[in-house]
Amino acid sequence: MTLFDAPLRRSAALLVSLLFTTFFIAGCASPPRATGQNDEKKSFWAGRISLQVQSEPPQAFFAGFELKGNPTQGELTLNSPLGNSLAVLRWSPQEAVLDSGNQIQRFATVDELIEKATGAAVPLPALFDWLDGKNTAADGWNADLSQQAEGRISASRTMPQPRSDLRIVLAAP
């Protein structure tokens, strides 16, 4: 054993530790989500959503969600609390589709699609604006964006009946 063996081993151990740490940190990094080429607005949201409709009988659903796109073309995936896909809603100017895993349904408009999937006529253009922090008016709906900066949005529809209450909690970025 020479005098240089111990410092050489320490240097090698330090180098291996630094390489491991670098690869570990790089493995945790994720690339930024893509938006449209000239689109500075966010086009992806995820979190939890609940919608309660005071109909007879009352309807309610709670789900995880991922929403991407815009009011003209997009996709909404609804997941159970266990992460199973409940439904995927896709819309574009050409079509509006509800894929519930075992059945695919087509609709004339995105409004019909949203109402069939959720039980309420949720105003999609206003919803995208609410997610962006803009308090856009929608017929019969009243949005509360006072906690939007904390990732919480709520909106209620009183007219037309039945009353509907929408709650969204966004996942931390």
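Read along the sequence, this predicted model follows the pattern α-β-β-β-β-β-β-α-α-β-β-β. The protein has three helices and nine strands; helices (H or I, at least four residues) and strands (E, at least two) are DSSP runs numbered from the N terminus.

Residues are numbered from 1 along each chain as its sequence is written. Because the model is predicted, local features need pLDDT of at least 70 and side-chain atom pairs count only at pLDDT 80 or more, while totals for chains, interfaces and linings use all residues.

Of the 173 residues, 36% count as buried, that is, under 20% relative accessible area with a 1.4 Å probe and protein chains only.

The structure holds one cavity of 30 Å³ or more. A cavity is a set of points on a 1 Å grid over the protein atoms alone where a 1.4 Å probe fits but cannot get out, and its lining residues have an atom within 4 Å of a point. A volume is the space filled by probe spheres set on the points, which are joined across faces, edges and corners.

| Property of the largest cavity | Value |
|---|---|
| Volume | about 150 Å³ |
| Lining | 15 residues |
| Nonpolar lining residues | 14 residues |
| Polar lining residues | one residue |

Ile-49, Leu-76, Val-122, Leu-124 and Leu-127 lie nearest the centre of the largest cavity. At least two lining residues come from each of β1 (44-53), β2 (59-69), α2 (110-118), α3 (124-131) and β9 (164-170).

Notes:
Side-chain values use heavy atoms; hydrogens and water are left out. Buried means under 20% relative accessible area, exposed over 50%, partly exposed in between (1.4 Å probe, protein chains only). On a 1 Å grid over the protein atoms alone, a cavity is a set of points where a 1.4 Å probe fits but cannot get out, and a pocket is an open set with protein on both sides within 12 Å along at least five of seven lines; lining residues have an atom within 4 Å of a point. Ala, Val, Leu, Ile, Met, Phe, Trp, Tyr, Cys and Pro count as nonpolar, Asp, Glu, Lys and Arg as charged, and the others, Gly among them, as polar.
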